[in-house]
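Q: I would like to learn how to read a protein model feature by feature. Could we go through this one together, starting with the ring side chains?

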Amino acid sequence: MRAAAYARYSSDAQRDASIDDQLRNIRAYCQRAGWPAPTEYTDAAISGSRSDRPQYQRMLAAAETGAHDILLVDDISRLSRDQIESARAVRMLTHWGIRLIGVSDGIDTARKGHKLEVGLRGIMSEAYLDDLAEKTHRGLTGQALQGRSAGGLPYGYRSTDTPDGHGRAIIPAQADIVRRIYQLYADGSAARAIAAQLNAERIPAPRGGTWTVSAIYGDTKRGIGILANPMYAGRWIWNRSTWVKDPTTGRRTRRERPETEWIITDHPDLRIIPDDLWRAVEQRRRAVNYKTRQAQAKHGPRARAGSGPRYLFSGLLTCATCGGSIVIVDRYRYGCSTHKDRGPSVCNNSRKVPRTTIESHLLAGIKAELLSETAYQQFQQAARAALKQAQPNIDSARARLQQAQRERDNIITAIRQGIITPSTKAALQAAESAASTAQAELHAAQNQQPAQMLPRAREIWKRMVNQLAEIDDIASAREALRELLGHITISPHEAGWIAELHGGLNTASQINVVAGAGFEPTTFGL
């Protein structure tokens, strides 16, 4: 008898000993039954509503391969608190021939009627989570209405314990940084320049590490980020959003609540930014946002948010100095995004190179390789495979015709036997039409002679390669280059820049291969 044990505890009950308690019960059960010690799988501080728990998935994978004969849990809620996932897991375990036992709640899939027990337990577990979430939210709402902390402390504040619950207090050193950021921005400094300055001074960011533009500029719709958070003006907003579980993955996604559900309280004693400075920053943010909208409208849909990268090599280039992305840093030049957004203290690669220079040099090497005989042969093989796949399936067409003819013959037989209903005529007409259509499809499939190769294939391939930079579907072309070339690192060099290509599908046929290293560096000047 090969036994396995699964135990977990939820993030809402942070207690490591809980797993030990569960495993102790399971081991004792195995000992009483005369079974060997079980193979143990445990997930700590992960909600049972999620199905992507690492050890849970590992346990199921082992079960599917037949590694165990029996699975023991302390109770069925340890397996899952989602009734659908719980039922699915039990169904799969049963299908794989694995017996499931709940040591404390008495579940045993070897017993008749276990499906009803599992279903009821699953409903109860899910209802428990819903009830817990509702009660927790109700309690936090009460805390927020009374002006106490309901979670979500921003940079510059800490939580305090009071007789009435959790409170908040200002962290003076961090508050000074917040005021400095606001003053710098109001005086005309860009968020990017502020981030670079803070990083140069080795001032830790809110979550440790280095400061970024997003951490400073923020998002006013969500009220996050230093310059977008009304908490610094003493205006605390709670219940702006809710978290909804994806029924497929179990992961939570954030959804914004309507303003009518927000809970807003004023706390002048916790204000960090004075009114005049707050208004100055808000005025400048509105002016910057207005200019951004004007620029986006002027440059068309591609400049609007969410349009994705505009250029052929966007997203393919990496800074060799820091590992960050090489992006368009001004109107026409590529540069390191980390240097731009976080400053020279994080990455000292300040070199910039015109977009046309990078694209012309890289495209020249790529075209030379793609126009080789080896590359053309690969294209020819792919084209033949596509043509073969597009060939009509005669057997499938013949099977559809036979099915349609059988249905028509069955109806005719029923009529001859006197089985006639008001819908018989319509059914016969539909069957006749289906048979006629299937006959036409079969005839077309039998008479179609697909080409064995594209006409003028070499000419087409050469034209496609030479027009690579002029393709309208930039996104598709970029993904094709990513698959072919892997990623490209860009590093500064005394003679200009060096582009080094790594990976790709067929390193043996790519540009100037260096054994075990990817590609021979291609150097081009500024």
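A: Aromatic pairs come first: rings of Phe, Tyr and Trp (for Trp, the six-membered ring) pair if their centres lie within 6.5 Å. Planes under 30 degrees apart count as stacked, over 60 as edge-to-face, and the rest as tilted. By this rule there are 8 aromatic pairs here. In one of them, Tyr155 and Trp211 sit edge-to-face, with 5.5 Å from centre to centre and 85° between the planes. This is a predicted model, in which local features need pLDDT of at least 70 and side-chain atom pairs count only at pLDDT 80 or more, while totals for chains, interfaces and linings use all residues. Residues are numbered from 1 along each chain as its sequence is written, and side-chain values use heavy atoms, with hydrogens and water left out.

Q: Where in the chain do Tyr155 and Trp211 lie?

A: Helices (H or I, at least four residues) and strands (E, at least two) are DSSP runs, numbered from the N terminus. Tyr155 is in the loop between helix 5 (114-145) and strand 5 (157-162). Trp211 is in the loop between helix 7 (191-200) and helix 8 (213-217). The pair links distant parts of the chain, 56 residues apart.

Q: Are Tyr155 and Trp211 buried or exposed?

A: Buried means under 20% relative accessible area, exposed over 50%, and partly exposed in between (1.4 Å probe, protein chains only). Tyr155 has 12% relative accessibility, so it counts as buried. Trp211 has 0% and also counts as buried.

Q: Which aromatic pair is stacked?

A: Tyr182 and Trp278 form a stacked pair, 5.9 Å centre to centre with 25° between the planes. Because Tyr182 lies in helix 6 and Trp278 in helix 9 (residues 275-298), this pair ties together parts that are 96 residues apart in sequence. Both Tyr182 and Trp278 are buried. They also belong to one aromatic cluster, together with Tyr157, Tyr232 and Trp236.

Q: How many salt bridges are there?

A: A salt bridge is a side-chain nitrogen of Lys or Arg within 4 Å of a carboxyl oxygen of Asp or Glu. The count by this rule is 12. One of them joins Arg88 to Glu85, at 3.0 Å from N to O. These two are 3 residues apart in helix 4 (residues 83-95), so about one helical turn separates them. Arg88 is partly exposed at 33% relative accessibility, whereas Glu85 is buried at 12%.

Q: What is the N to O distance between Arg179 and Asp176?

A: It is 2.8 Å, and their side chains meet in a salt bridge. Arg179 and Asp176 are 3 residues apart in helix 6 (residues 172-186), again about one helical turn. Arg179 is partly exposed at 32% relative accessibility, and Asp176 is partly exposed at 45%. A further salt bridge runs between Asp275 and Arg271, whose closest N and O atoms are 2.7 Å apart. Elsewhere, salt bridges that share partners join Arg408, Asp409 and Glu432 into one network.

Q: What span should helix 13 have?

A: The expected span of a helix is 1.5 Å times one less than its number of residues. Helix 13 (residues 394-416) has 23 residues and should span 33 Å; its end C-alpha atoms are 33 Å apart, which agrees. Buried residues in helix 13 include Ala397, Leu401 and Ile411. Just after helix 13, Gly418 takes a positive phi of about 85°.

Q: In what order do the 4 strands of the open sheet lie?

A: Strands of a sheet pair through backbone hydrogen bonds, either parallel or antiparallel. Two strands count as paired if DSSP finds at least two bridges between them. Here the order is 2-1-3-4, and the pairing is parallel. Strand 2 (39-43) and strand 4 (99-102) are the edge strands, each pairing on one side only. Strand 3 (residues 70-73) pairs with strand 4 over 4 bridges, and Leu72 has Ile101 in strand 4 as its bridge partner.

Q: Where is Met1, and which residues is it in contact with?

A: Met1 is in the segment before strand 1. Contact means heavy atoms within 4.5 Å. Leaving aside neighbours within four places in sequence, Met1 is in contact with Trp35, Pro36, Asp69 and Ile70. Met1 and His68 are 67 residues apart in sequence, but 7.9 Å apart in space, C-alpha to C-alpha.
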